[in-house]
Amino acid sequence: MLGQFCNQTVTTLSCNDSFNLTGNGKNIISCQNSNGIVCHENDRPNMYSFDVMAISEQIFISTANLTFNNTQYSNITGLMCYARHGAMPSKSVYDFSGELTKSPLVINFPKIGRWYITILPIDISNKSEVAQINSSRLCYFLELQVLQCPTGKAGSNCTFERYNLQTVLRKNPSVPFESNYIPITEKLSSPSPKFPLQPVVSNFSTRGNTTDSWTYFVLDIPYGATGGNVHIALTSDTKISYELYARFGGLPSLTTWDYFYANGTSSSTGSMFFKLYDYSEKMISFYILYVRGGTWSFGLRQVGPADSAGETDISLSLERCPQKCSSHGTCQSVLDTSGLALYSYCACDRNHGGFDCSIELVSHRGHIRQSIFLIVSNAAAILPAYWALREKAFAEWVLFTSSGISSALYHSCDVGTWCVLSFRVLQFLDFWLSFMAVISTFVYLSTISEVSKRTIHTVLAIVTALLAETGPTRSKNIGYVMGLGALGLLVGWFIEFSTRNRQSFSFSREFHMNLLDRWESTKGWVRNIIKTIVKRFRWGFIIAGFTALAMAAISWKMESTESYWIWHSLWHISIYTSSFLFLCSKAKVATFESSDGSYELTRQNSFTGGQQRPEA
């Protein structure tokens, strides 16, 4: 059933299983409607289906015993036939069409598989459907014939040679479904993946001013090998005088093909599934990429007399990765979602790209230059590490030193120079220690006890480890790390100021009763904090540090595939330089207590325990 409301019937035509040999050597399979004569009621089309089981040359669709309203057929009505492979045809979407009342519909070189045909009555005078004529009834007997050539023959007159190619699996268990294809014929002395054409090609014929001679090769690709690549190569001692046409499911021709190669300027190079590698007068080599499983036919068209002094060889093979990834990558395979088809792809090295790793992204000299920049630029970590060691900030010294070393090792592995550990481990260490180095710079700017620093470092180390593990390359991580560092600095300052000024909050009873004094004391406390912050830093280093940090942000933003090496090297230099400048910005000031805040306490402690405070 078919149609918008599933109320239209698709009738399967019954075909005989016997082959009738005709005078011209063709085998004919006849198909017809089991109900005999069928009729159209008003505007309802009739739909049929039938199967083409093997390589065939033609399909003839015709009608007989045509009547209109129970009378003999007139020139007023007609029948339009629409045919389509693999899907239901309509007036607007079809593969072939023809008016059956004038002549049979002929389909040359049909594809293997299920075909659908739709037959509609029409008014010949205005080419509209006969649905506009009330109570119309058009009846006919549908006849369909599938013409096939005998085994080993092909072409409209069955005069050309056709060979079924035998699959010979290659002995390489690590790469499944790779195979060579060899013709099954006694014309070749010994089977070989690369066989000569002269013994097997059709006799070259000249018909008037037209030269045309075809030889067909038919091969089957297992459905499990779907996603492989068919490689066709021709080599000759003299000029190659052949064109090659490929088609899935049926024989190719000059007008019906999926891929072709005629010469260096005429081929299917516009298709993303066709890759031409070598072509010259004596050599042709190309791939059909990611082929479907099923029957493929290759037509070799001879366009001129072959040179008897030379020999032309051809090879057809199924390979998982084209050109073996050009020796610049490894062939990887994955199953599709159904788990039945195996697709392969090339995992290229750092210097090459393309589906076959044949595109050189960077030269050997350029690779060395880029590797040196990416690795050596981490030497900038020496600056903050030196300052931390000079100030005896040993935790910061360990972090900056480890960050520079891990980043150098990571990029050494990333560019393919040397991997001391697995890539994943090195990547985690690089990002995590870099995050911790940035945060440690912020925490260093606060003057708090080692116990408080260890607590802040531990908490932030856990958070940054999660960032480095779950998504190290996310651009948002920069904002997260800067925010965590600022939070650590604020927490450090809060601990520092609350510890040093906690006695400022111990107000006397009179202070609580005097709102004005309370306000003045609070303003004095805030001024003391501002003075402390101002005196705490060397602001020239602060400005220089933010400038270097801005340069690091620009370098991160400017990174691309082509310029990654230079901008990321500048990122290393900028980010470590900014850390060094921020470390240098911390001034050596012991304490900044306010005289106002401690005056009352000092005056109270200036008397001994046995002395009395003088009366006012």
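A: W214 has a relative accessibility of 4%, so it counts as buried (buried means under 20% relative accessible area, exposed over 50% and partly exposed in between, with a 1.4 Å probe and protein chains only). Y216 is buried as well, its relative accessible area being 2%. The model is predicted, so local features need pLDDT of at least 70 and side-chain atom pairs count only at pLDDT 80 or more, while totals for chains, interfaces and linings use all residues. Residues are numbered from 1 along each chain as its sequence is written, and side-chain values use heavy atoms, with hydrogens and water left out.

Over the whole structure, the search returns 23 aromatic pairs. Rings of Phe, Tyr and Trp (the six-membered ring of Trp) pair if their centres lie within 6.5 Å; planes under 30 degrees apart count as stacked, over 60 as edge-to-face and the rest as tilted. W214 and Y216 form one of these pairs: their ring centres are 5.7 Å apart and their planes meet at 10°, so the pair is stacked. F431 and F435 pair in another geometry, with centres 6.2 Å apart and planes at 65°, which makes the pair edge-to-face. Because F431 and F435 are 4 residues apart in helix α4, about one helical turn separates them. Helices (H or I, at least four residues) and strands (E, at least two) are DSSP runs, numbered from the N terminus. F431 and F435 are both buried. Elsewhere, ring pairs join F248, Y259, Y261, F274, F286, W296 and F298 into a cluster.

F435 leads on to the packing. The largest nonpolar core holds 42 residues, and F435 is among those with the most contacts inside it, together with W387, I439, Y444, L460, V481 and I575. A nonpolar core is a set of buried Ala, Val, Leu, Ile, Met, Phe, Trp, Tyr and Cys residues joined through side-chain atoms within 4.5 Å. At least two residues of this core come from each of α2 (382-390), α3 (394-414), α4 (423-444), α5 (450-470), α6 (476-500), α9 (539-558) and α10 (564-584). The largest share, 9 residues, is that of α4. Setting aside neighbours within four places in sequence, V481 is in contact with F435, V438, I439 and L467 (contact means heavy atoms within 4.5 Å). A second core of 34 residues is separate, and L165, Y181, I284 and L318 are included in it.

The largest share of the pocket lining, 7 residues, belongs to α10. The pocket volume is about 580 Å³. On a 1 Å grid over the protein atoms alone, a pocket is an open set of points with protein on both sides within 12 Å along at least five of seven lines, whereas a cavity is a set of points where a 1.4 Å probe fits but cannot get out; lining residues have an atom within 4 Å of a point. Grid points are joined across faces, edges and corners, and a volume is the space filled by probe spheres set on the points. By class, the pocket lining splits into 18 nonpolar, 10 polar and 2 charged residues. Here Ala, Val, Leu, Ile, Met, Phe, Trp, Tyr, Cys and Pro count as nonpolar, Asp, Glu, Lys and Arg as charged, and the others, Gly among them, as polar.

α4 and α10 each provide at least two of the cavity's lining residues, and the largest share, 4 residues, is from α10. The cavity lining divides into 6 nonpolar and 3 polar residues, with no charged ones.
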